[in-house]
Amino acid sequence: MKNKLQKENKYCTGCGACFSKCPNNAIKMIYDIQYDFSLQAEIEKTNCINCGLCEEVCPVLNDISNLNSEKPLCYAVCADDVIRKKSSSGGIFTLLANFILDNNGYVCGAAYGENFQVKHILISKHEDLHKLQRSKYVQSEIGEIFTDILNLVDDNKNVMFVGTPCQVAGLKAFLGKEYSNLILVDFICNYAPPRFIFDKYLDENFGIDNIEKIDFRIKKYGWVSDIHQIELKNDDNIYIKRPNNDAYQRGYHPRLYMRKTCEECKFSGFPRQGDVTIGDFWYIGNYNANLDDKNGTSLVLLNNVKGNNVFQNIMNKLKVCEQVPLDLLDYNRPVKVNAHYGRNRFYDLIKKYTFNKAVDYAIDNKFDVGIIGIWSERNYGSELTYYALYKVISNMGLEVQMVERPRDVVWKPNELPILFKTKPYPEYSLCFLYNSKEEMFEINNRFDTVVIGSDQLWHRDLYECFGKICYLDFVRSDKKKISYATSFGKDDWTGNEYDRYEASYYLKEFDYTSVRELSGVEICKNKFNISAEWVLDPVFLCDREYFEELALKSDMIVPDSFIGVYILDNSRTKQEILNYAQKTLDMELNVISDAFTDDIYKEWDINIYKNAYVEDWIKNIINCKFVITDSFHGMCFAIIFRKQFIVIKNENRGVARFVDLLTTLNLQDRLVSDVDNIRDLLEIEINYNEIDKILNKEKDRSFNWLKSALLSKKKSNIKSSDIMLDKMNEHLFKNSFNIKNIQDTINRHEESIKRHDGEVYWQKEAIFRHEEAVNRHEESIKRHEEAVNRHEESIKRHEDAVYWQGEAVFRHEEAVNRHEESIKRHEDAVYWQGEAVFRHEDVISCHDNILNNHDQKISEFSTEILKSAAEFEKLYEEVKILKKKVDELGIRNRIKKIVYRIKH
């Protein structure tokens, strides 16, 4: 099951569902001491019968059916003051528990056990309720409580289970069905630290055996989250702990102890796991001040009908109860949260140091030693020498962080040591890149000791390229400054008098100074009037096993027997040497070149292994039979792995460092310049027994010097110049901050102007389009006016026609009297036609009004006019029909009335 969780990138919550379900007791709940000490399920394979029930019941692996509401009713509630005084927040848990206990039920929740181990227990008496009250900021062990609950609910007993969402999900998965007599209550869970963390804190700070009582979330200072008190045996004092005086509180709230399973919690969102959800209603006073009297307010979510029914039974006992918007929960834990950025480092530190130191270092990003150098440089030797220095100092039990040159230098740094196939440092051991040397002043807050690394950092020609950081002038005098195996790169130091004075001034501020070449000792003495120790490069001090582990990560395929070659700079002479060695030794060449340039690939006709990682580079030396190189570190690793080798002089890269080391080891004959020098060397075997005697002595001397420098007390204190430096940097930062604010303001104004210009443009476009529309409307109105005039003329003609028709009606009066009954049948129709005429007159009136306000009503007016015209035409046709009928009927009197109504 654990393998399946890992395969799906999921994490055991320690809910205990599989432990309780296993029919053969093959699952044990153990603490993961390898990582974060979480309580997790572990299968004992000897007892496992492969039934698969553990995987089937796991709520992390499976989506358990959840019909709870996605948007439950949300309440802010307060119990009476007596209950709240004993509670962490508003007392809702106590009221729910009392309801169950009053009905002869059982309540299950987290309680302190022996040595303050937190476990879930069942109670059935009111006098035991205090065991379950108040928060416990630690992971609770479920044990066999799920089985006990199953037995009780099957026996028709009322039970209320209170736990984290994952624990509630675990119980639901274990039971496999709903029980009407089981009330599930989950709470808004920030996260639950593992027991190991809590135990270590208690034992180191108080001694677990000395503790009488622990209470989290006491209300001595009101309703606050970051407080607890401890009472000791044989001590009348009560110790109040808050983040300012307690490491546990300081680390808990920024989620320093958060387990990965809590960070990736599957159960913290909606729908909730419980029938009821409870928690602190933080900041509810911002919504309604009457809901927060500073003594604690609980939130309640009613996730289903069962939860609502239980809540109805206790509502009358609440001092405050008000339904509020669900989105006010945003001040509690959101669905997705991230652990403190120092979490992984904390779990590494806690295995080596005291609890308080682990918290202090992880929270404040503190380290014992900062190594400053060019550890991300695209150069195999540079990356390996810093890796070795990191390992050597770390193995002394010191916390080390790597600091690169700032971003604004000529030779830019990289975020990572890019030549490594896999990052060889822990995430937290690489400092972020500073933007400038001035910003690097911040390291004074994090390191007590600063080491400038090896390689050619004091090379005068590279001083400005690397950002002028090599003299540590940004490090205060109260910090220990050490140089280890730092190189000048040449036999002599070039620079004018000002450069020499500057270097001398800052190098005298170093507490311990060592160099990689004997010539560097003389430069320090003659140029800067300081004493320096000659020491070996860090790669010699580092255990070979670390390099061998790197080589195992390489995918490079090498021959069974070959010459390992590492050449930085191509030349005809070097090609001749390689060709001669290949022919003489009758072995293949496996060539790796400088990672900085591809030019050598184009120039050589020798096959070169391209894009090699550091791991490949190491493997090339470890697995070869013979080494040929023009590199200092190529030579160093040939010696470390006891290889037969020759070194080709590389004047461009400095010869002194080769000569000093080879002379010390009596290997100076291994330094060659042409083919003639190597003929005998290919046959003469190096006696490494004698070499190792010398080398081990020098390694011990160099290591002891470094160890003494690192572990000794600081010699000097802070100086007035440091105060000046502080003030200058404070002023620089303030100015840079102000400049940044001004620039941000300018940028915002420019953006605003840009947006305003855009708005003006579109407003002009809109006005232009509006003017065109107005012109079109005016044309339309003109056309409508012409149409109205035509309609009026038409109406006049219709009136004349009606008049003459009336005359004709009078002439047919007798006929009308004879057909009175017939006219009565048409009277209603004519009446409604007359009403239509009146509506047409109203429409014409409306059209007149519309003409006065054409911008708003022109479309409606046009429609109505057209409609009116159609109806008039229809009326005219109807009148013609009527006239024909009148002619036939001769009904004079009725027609007079109709004419009168039409005219008026």
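A: Lys421 and Asp555 meet through their side chains in a salt bridge, with N to O at 2.3 Å. This is a predicted model. Lys421 sits in the loop between β15 (400-403) and β16 (447-452), and Asp555 in the loop between α19 (544-552) and β20 (562-567), so the pair ties together parts 134 residues apart in sequence. Lys421 is partly exposed, its relative accessible area being 31%, while Asp555 counts as exposed at 60%.

The count of salt bridges comes to 45. One of them joins the side chains of Arg516 and Glu517, at 2.9 Å from N to O. Arg516 is buried, with a relative accessible area of 4%, and Glu517 is buried at 3%. Another salt bridge is formed by Glu698 and Arg701, whose closest N and O atoms are 2.6 Å apart. These two residues are 3 apart in helix α25 (residues 688-711), which means that about one helical turn separates Glu698 and Arg701. An α-helix has 3.6 residues a turn, so residues three or four places apart point the same way. Glu698 is buried at 14% relative accessible area, whereas Arg701 is partly exposed at 28%. Salt bridges also link Asp81, Arg84, Asp293 and Lys319 in a network.

Arg134 is a charged residue without such a partner. Arg134 is buried yet has no salt bridge, and the nearest side chain of opposite charge, that of Asp215, is 4.1 Å away. Arg134 belongs to the loop between β5 (118-123) and α6. Its side chain reaches the backbone oxygen of Lys85 at 3.0 Å. Beyond its neighbours within four places in sequence, the contacts of Arg134 include Lys86, Ser87, Phe216 and Ile218.

Lys357 lies over the face of Tyr353, 4.1 Å from the ring centre, and over the face of Tyr361, 5.0 Å from the ring centre.

In one of them, the ring centres of Phe146 and Phe161 are 6.1 Å apart and the planes stand at 70°, so the pair is edge-to-face. Phe146 is in helix α6 (residues 145-154) and Phe161 in strand β6 (residues 159-163), 15 residues apart, and the pair links distant parts of the chain. Phe146 is buried, at 0% relative accessibility, and Phe161 is buried, also with a value of 0%. Tyr505 and Tyr506 form an edge-to-face pair, 5.2 Å centre to centre with 80° between the planes. Here Tyr505 is partly exposed at 39%, and Tyr506 is partly exposed at 23%.

As for the chain as a whole, 52% of its 904 residues are buried, and its secondary structure comes to 30 helices and 24 strands. In helix α5 (residues 92-102), 9 of the 11 residues are buried, so this helix is largely enclosed by the rest of the structure. Among the buried residues of α5 are Phe93, Leu96 and Ile100. After α5 comes Asn104, which has a positive phi, near 60°.

Technical notes. Residues are numbered from 1 along each chain as its sequence is written. Side-chain values use heavy atoms; hydrogens and water are left out. Rings of Phe, Tyr and Trp (its six-membered ring) pair if their centres lie within 6.5 Å; planes under 30 degrees apart count as stacked, over 60 as edge-to-face and the rest as tilted. Helices (H or I, at least four residues) and strands (E, at least two) are DSSP runs, numbered from the N terminus. Buried means under 20% relative accessible area, exposed over 50%, partly exposed in between (1.4 Å probe, protein chains only). A charge sits over a ring if NZ of Lys or CZ of Arg is within 6 Å of the ring centre and within 35 degrees of the ring normal. Lys and Arg count as positive and Asp and Glu as negative; His and the chain ends are not counted. A salt bridge is a side-chain nitrogen of Lys or Arg within 4 Å of a carboxyl oxygen of Asp or Glu. A polar contact is a pair of N or O atoms within 3.5 Å; within protein, one must be able to donate a hydrogen and the other to accept it, and residues adjacent in sequence count only if both atoms are side-chain atoms. Contact means heavy atoms within 4.5 Å.
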